[in-house]
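Here is a short tour of one protein model, written for someone meeting it for the very first time. Have a look at the sequence and the fold, then read on.

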Amino acid sequence: MAISEISAAQVMTLVEQGRDAEAMAEVMLEMDSTSKLIPAQERPGLIAMALRSGREWAQELRKRYPEADTLALAQKLGVEVKHSDQEGKLGNIVLRSEYYDQPPQIVIYNSSVKALQEVIERTGHTDLLPPKLLVPIHVAHELFHHLENLKKDHLSQRYKVATLRIGRWRLIESGVRMLTEMGAQAFVQAWLNLNWYPFVLDRIEMAMGGNPPAPVDLLNELIKRPRWLNKINKKK
Ligand SMILES: [Zn+2]
């Protein structure tokens, strides 16, 4: 896949757009495969719900662990953080981090995080997007997925769309995966006190054509990945 360069001005624009979390979350919601099934009048409420949940969960943890940095938080929540030199891949999507639930573990993929860091450094915007935040951002993102498990409250399941309907009967229903990701981004932003919504990082990658623009179906595959595959990954 061809990866194009991104200019300093483009990065600046994306960061500026990232100041508006609501607008960014709306872009994410539109990327969901179920998006067209969500009535326009319900979208603002869903966006607000996802952002509010992410922020509230971050505030709860900050209250409980006022001094903890992100790695200490992972430790307190019983989640092991590993760094891998393997390439994190899901289909043709390159992953920067991943969460496994049994036992709770976060894997940070060094090469893809470093690649993103180098892009930021090349554009000279390390003041806006400090490279030292990249690992905490990814750990915090994956911790949100852990919290959903702990709370047995998956944002993606709070709203159902009918993917198959006959008349007024909803025959097959599906959750909205992006609600979880929108909540995770809000959690990261609030936990790390960022003045931009971290979806900015994905948008930089998308702008470079490095990852396809609609990873949601593959994200769904990720949660359906069988346990035995997780175990093999861990042995590596
Ligand atoms: Zn995620």
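If you skip its neighbours within four places in sequence, Arg165 is in contact with Arg170 and Leu171. You'll find Arg165 in strand S6, which covers residues 161-166. Is Arg165 buried, exposed or partly exposed? Residues with 20 or more other C-beta atoms within 10 Å count as buried and those with 12 or fewer as exposed; Arg165 has 13, so it is partly exposed.

One thing to keep in mind while you look around: this is a predicted model.

**The whole protein**

Now zoom out. The protein has 10 helices and 7 strands. Of its 236 residues, 34% count as buried. Take the contacts between residues at least 6 apart in sequence: 69% of them join residues at least 24 apart.

There is also a nonpolar core to look for. The largest one has 51 residues. Which residues have the most contacts inside it? They are Ala25, Ala50, Ala140, Leu143, Met182 and Phe187. Helix H7 (residues 177-192) gives this core its largest share, 9 residues.

Leu143 is a handy one to click on. Leaving out neighbours within four places in sequence, Leu143 is in contact with Leu73, Ala74, Leu77 and Val79.

**Helices that pack together**

| Helix pair | Angle between axes | Distance between axes |
|---|---|---|
| H2 and H3 | about 110° | 10 Å |
| H2 and H7 | about 155° | 9 Å |
| H5 and H6 | roughly 130° | within 10 Å |

Begin with H2 (residues 21-31) and H3 (residues 43-64), which pack at an angle of about 110°. The two helices are therefore roughly perpendicular to each other. Their crossing is right-handed. On the H2 side the contact is made by Ala21, Glu22, Ala25, Glu26 and Leu29, and on the H3 side by Arg43, Leu46, Ile47, Ala50 and Leu51. Sorted by class, the residues of this contact come out as 7 nonpolar, no polar and 3 charged.

H2 also packs against H7, at about 155°. How do H2 and H7 run, roughly parallel or roughly antiparallel? Angles over 145 degrees count as roughly antiparallel, so that is the label for H2 and H7. The crossing of H2 and H7 is right-handed. From H2 come Ala21, Ala25, Met28, Leu29 and Met31, and from H7 come Met178, Glu181, Met182, Ala186 and Gln189. By class, the contact of H2 with H7 has 8 nonpolar, 1 polar and 1 charged residues.

Ala25 turns up again and again here: in the contact of H2 with H3, in the contact of H2 with H7, and in the list of residues with the most contacts inside the core.

The remaining pair is H5 (residues 110-123) and H6 (residues 134-151), with axes that cross at roughly 130°. That angle makes H5 oblique to H6. The crossing of H5 and H6 is right-handed. Val113, Leu116 and Gln117 in H5 meet Leu134, Val135 and His138 in H6. The residues of this contact split into 4 nonpolar, 2 polar and no charged.

Most residues other than glycine have a negative phi, and most peptide bonds are trans. With that in mind, check out a few spots.

Pro103 sits in the loop between strand S4 (97-101) and strand S5 (104-109). The peptide bond from Gln102 to Pro103 is cis, with omega near -5°.

Lys152 has a positive phi, near 50°. This residue is in the loop between H6 and S6. Lys152 counts as exposed because it has 7 C-beta neighbours inside 10 Å.

Asn193 has a positive phi too, near 60°. Look for Asn193 in the loop between H7 and helix H8 (199-207). With 8 C-beta neighbours inside 10 Å, Asn193 counts as exposed.

**One last stop**

Finish at Thr13, which lies in helix H1 (residues 8-17). Thr13 has 13 other C-beta atoms within 10 Å, so it is partly exposed. Thr13 and Val200 are 187 residues apart along the chain, and their C-alpha atoms are separated by 9.8 Å.

Definitions and conventions:
Residues are numbered from 1 along each chain as its sequence is written. This is a predicted model: local features need pLDDT of at least 70, side-chain atom pairs count only at pLDDT 80 or more; totals for chains, interfaces and linings use all residues. Axes are lines fitted to C-alpha atoms, for helices over the stretch in contact, and angles run from 0 to 180 degrees between N-to-C directions. Helices (H or I, at least four residues) and strands (E, at least two) are DSSP runs, numbered from the N terminus. Angles under 35 degrees count as roughly parallel, over 145 as roughly antiparallel, 65 to 115 as roughly perpendicular and the rest as oblique. A crossing is left-handed if the near helix is turned anticlockwise from the far one by less than a right angle, and right-handed if clockwise. Two residues are in contact if their C-beta atoms, placed from the backbone, lie within 7 Å. Ala, Val, Leu, Ile, Met, Phe, Trp, Tyr, Cys and Pro count as nonpolar, Asp, Glu, Lys and Arg as charged, and the others, Gly among them, as polar. A nonpolar core is a set of buried Ala, Val, Leu, Ile, Met, Phe, Trp, Tyr and Cys residues joined through C-beta atoms within 7 Å.
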